[in-house]
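Work through the exercises below with the model open. Try each task before you read its solution.

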Amino acid sequence: MLTNAMEQNDSPESLQGNQRFALPISKLRGLSARARHSLKLRRITTCGQLLRAAATAEQRQKLSESANIDATELLRLVQRADLARVNGIGVVFCMMLEDLEVDDVGKLANQDPEKLHGSLKAHNDDNRLARRSPTPEEVEDWVTQARQLGEVITY
């Protein structure tokens with residue numbers, strides 16, 4: 001069973017029109033060909049399907065065992081699928097957020113946008129991961145979206 005946030009905000013009916021949930025899992029960084037194939041055999045090809053199948057620790061354990069996917073790899077994919085629910089967070093910005101240990105929507109929702117922006121800017125200045133850092137307005141929007149979306153993943 002998914003969390004109440006998933007049931008309220010992202011029910012199967014509401015997900016059908018949500019393009020972020022239709023994002024193919026093949027777009028997620030770190031998805032191995034073997035894991036993609038194994039998930040595809042289980043009819044898990046989108047971020048929404050992955051979140052519905054593996055939002056809880058118990059679901060992830062069962063899927064990890066049945067699909068023969070490393071549990072840590074599966075958790076990271078689920079977290080990336082969760083962050084993909086936020087418009088404006090692509091592969092590079094997702095990687096930057098993960099580097100700062102903001103690896104799911106719940107953690108993003110708990111951030112102070114101004115502090116997070118400063119951390120992202122400093123991290124990008126030090127590591128040159130992206131051509132540009134996210135703007136303060138983008139980070140504010142991400143945090144606002146995360147707060148509205150609610151948590152889906154449980155640990």
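**Exercise 1. A salt bridge and its setting**

With which residue does R80 form a salt bridge, and how far apart are the closest N and O atoms? Note that the model is predicted.

Solution. 
- Step 1. Find the partner. R80 pairs with E98, and their closest N and O atoms lie 2.7 Å apart.
- Step 2. Test the distance. A salt bridge needs a side-chain nitrogen of Lys or Arg within 4 Å of a carboxyl oxygen of Asp or Glu. The R80–E98 pair is listed as one, at 2.7 Å.
- Step 3. R80 sits in helix 6 and E98 in helix 7, 18 residues apart, so the pair links distant parts of the chain.
- Step 4. Check burial, with under 20% relative accessible area as the cut-off. R80 has 10% and is buried. E98 has 17% and is buried too.

**Exercise 2. Two bridges to one aspartate**

Which residues form salt bridges with D125? Work out the spacing and exposure of the partners.

Solution. 
- Step 1. Take K121. Its salt bridge with D125 has closest N and O atoms 3.2 Å apart.
- Step 2. Count along the helix. K121 and D125 are four residues apart in helix 9 (residues 113-127), which means a separation of about one helical turn. An α-helix has 3.6 residues a turn, so residues three or four places apart point the same way.
- Step 3. Take R128. R128 also forms a salt bridge with D125, with closest N and O atoms 4.0 Å apart.
- Step 4. Compare accessibility with the classes. K121 is partly exposed at 39%, and D125 is partly exposed at 40%. R128 is exposed, with a relative accessible area of 55%.
- Step 5. Look for shared partners elsewhere.
- Step 6. The whole structure has eight salt bridges.

**Exercise 3. The buried side of helix 4**

Which residues of helix 4 (residues 47-54) are buried, and how are they arranged around the axis?

Solution. 
- Step 1. List them. C47, G48, L50, L51 and A54 are buried.
- Step 2. Read the arc. These residues cover only 160 degrees around the axis, so they lie on the same side of helix 4.
- Step 3. Zoom in on one of them. C47 has a relative accessible area of 1%.

**Exercise 4. Cysteines without a disulfide**

How many disulfides does a search of the whole structure find?

Solution. 
- Step 1. Take the count. The search finds zero disulfides.
- Step 2. Check the distance from C47. The closest cysteine sulfur belongs to C94, 9.8 Å away, so the two are too far apart for a bond. The cut-off is 2.5 Å.
- Step 3. Check from the other side. For C94, the closest cysteine sulfur is that of C47.
- Step 4. C94 counts as buried at 8% relative accessibility, and C47 is buried at 1%.

**Exercise 5. The largest pocket**

What is the volume of the largest pocket, and which residues are closest to its centre?

Solution. 
- Step 1. State the volume. The largest pocket has about 160 Å³.
- Step 2. Go to the centre. Among the 13 lining residues, K27, L28, I89, G90 and V91 are the closest to it.
- Step 3. Assign elements. Helix 6 (71-83) and helix 7 (91-99) each give two or more residues to the lining. Helix 7 supplies the largest share, three residues.
- Step 4. Sort by class. The lining has eight nonpolar, one polar and four charged residues.

How values were computed: Residues numbered from 1 in each chain as written. Predicted model: local features only at pLDDT ≥ 70, side-chain atom pairs only at ≥ 80, totals over all residues. Heavy atoms only, no water. 1 Å grid on protein atoms, 1.4 Å probe; cavity = no way out; pocket = protein on both sides within 12 Å on 5 of 7 lines; lining within 4 Å. Points joined across faces, edges and corners; volume = space filled by probe spheres on them. Nonpolar A, V, L, I, M, F, W, Y, C, P; charged D, E, K, R; others polar. Buried < 20%, exposed > 50% of the residue type's maximum accessible area, 1.4 Å probe, protein only. Arc of directions from axis to C-beta.
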